[in-house]
Amino acid sequence: MEKRDFLRKCFFEYMSLVILFATWFLSCNREFDPPKSECDESIMANATYTEIKELYMDETVQIQENLIIEGFVVSSDEYGNFFSVLHIQDAVANPKEAFQIEIDIRDSHLLYPIGSKVYVKLKGLYLGKSGNVYKLGATFESFGNVSVGRLPANVVDEHIVRSCDDPSIIQPVKISIEKWNEYPSGILVSLDSLEFVEEELRLPFANEAEETVRTLINCDDQVISLVNSGYSDFQSEIVPELNGRVTGILLEGDLIIRSLQDMEFTKDRCAPFIDEFTSNQLFISELADPDNNAGARFVEIFNASEMALSLKGWSLVRFTNANTEISSTLDLSGIVLEGNKTLVISPNAEEFERVYGFAPDMAIGGNSPADSNGDDNLQLIDPFGKVIDAFGIVGEDGSGTDHEFEDGRALRKLDIDMANPNFTNSEWEIYNDTGAAGTNNQPQIAPEDFTPGNRN
């Protein structure tokens, strides 16, 4: 063979190898159409979600009957915020029930896109419950406890079959934060007028490789948690500063979004919410140290205004005997006291109810502001640190004074309708076992000598 022919042959063999390699490379790197699970037109549901949930009797149970439910997929693992689970609900709009299905499949969104109608063949699956979330899947055992685990990948399509119908558009249920518990876990919901709390602005959605909870708040100062995966595609994205709508799966009062498209934040943030108020119509109206039962002590506070008053930031403090330093403090935050209503506070709720026949509005422990033995001094302090009302004189032991109510009672006179930061004896009817300084020497017996909860 001549040298020229030899070189030509080598060249063609080389080019053939190049073409073969290029063909292989391109075929391995081109985008494929998403895999499709086999749809089935012949399957029909024969059980309701309620009927299936009734099979759960406080422990994980395997379903033995040939039961089938149908549902619509509302979750998606496309952006990594969900992992190895499907959430299905019983209707496209206004769902009443939902299930979480544990599956050992990644990229399940390619098989079961959002809105897909699926049939779940339940025979052989396990039914369990975590909190108020009902789960279906295989079993998982830990320390002798059996719970629902992931369904192996090789049997998923034997139990979850996609309908041949085109995916539907799921209509999120519009809910409010204060009524989330009226809806089942696992459904798709939306909430309006939410924003991230101030202290979380400029933070990412999640810490890397950690499940992270961020806090959303509305303009009424109500909060709901947003749970984000540290492996999601948007983990490092900074939370938005604006206000808007959030759509997500509701799970025991928390929200989980599928992607950032579930957040529509285009509005201005809420104006600062003011829920701390002062008032000179909130005052101490009765103090009790019954002669026959120290367990029946109480303090009563009265709202003399017509309007309800939030007690956020308010406190009741006690100065024991002649102390000038506060001995105990009671935080009244969380209470809203209606107009012309009393707040009865007891250091011994069980004994109070036994003696007076009804439960106190607030139960606290001993040695508290409500557990005075009659020679202590009390102050009612507003959210801004101002003394609004007082009984007794700080630094003066009440024994033998005009503010002693030992074994007795101090009752604010009914014509008093305003607080007084300086104790004035003439505003009170005071009973004790000494009668000193113009008080009444008349020990008081519970329950007949006391009127907790009654300012009339």
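Trainee: What makes K53 a charge that lies over the face of F99?
Mentor: The rule asks that NZ of Lys or CZ of Arg be within 6 Å of the ring centre and within 35 degrees of the ring normal. K53 lies over the face of F99 at 5.4 Å from the ring centre, and R455 lies over the face of F302 at 5.5 Å. The model is a predicted one, in which local features need pLDDT of at least 70 and side-chain atom pairs count only at pLDDT 80 or more, while totals for chains, interfaces and linings use all residues. Residues are numbered from 1 along each chain as its sequence is written, and side-chain values use heavy atoms, with hydrogens and water left out.

Trainee: How many aromatic pairs are there, and why is the pair of F196 and F265 called tilted?
Mentor: Rings of Phe, Tyr and Trp (its six-membered ring) pair if their centres lie within 6.5 Å; planes under 30 degrees apart count as stacked, over 60 as edge-to-face and the rest as tilted. The count by this rule is 14 aromatic pairs. For F196 and F265 the centres are 6.0 Å apart and the planes stand at 50°, so the pair is tilted. F196 belongs to strand 11 (residues 188–196) and F265 to strand 16 (residues 263–267), 69 residues apart, and the pair thus links distant parts of the chain; helices (H or I, at least four residues) and strands (E, at least two) are DSSP runs, numbered from the N terminus.

Trainee: How do you know whether F196 and F265 are buried or exposed?
Mentor: Buried means under 20% relative accessible area, exposed over 50% and partly exposed in between (1.4 Å probe, protein chains only). F196 has 0% and therefore counts as buried, and F265, with 11%, is buried too.

Trainee: Why is the pair of F298 and F352 called edge-to-face?
Mentor: Their ring centres are 6.0 Å apart and their planes are at 90°, so the pair is edge-to-face. F298 lies in strand 18 (residues 298–303) and F352 in helix 4 (residues 349–356), so the pair ties together parts that are 54 residues apart in sequence.

Trainee: What makes strand 28 largely enclosed by the rest of the structure?
Mentor: Four of the five residues of strand 28 (residues 428–432) are buried, and therefore the strand is described in that way.

Trainee: In which sense does strand 28 pair with strand 27?
Mentor: Two strands pair if DSSP finds at least two bridges between them. Strand 27 (residues 409–412) pairs with strand 28 in the antiparallel sense over four bridges, and W428 is the bridge partner of R412.
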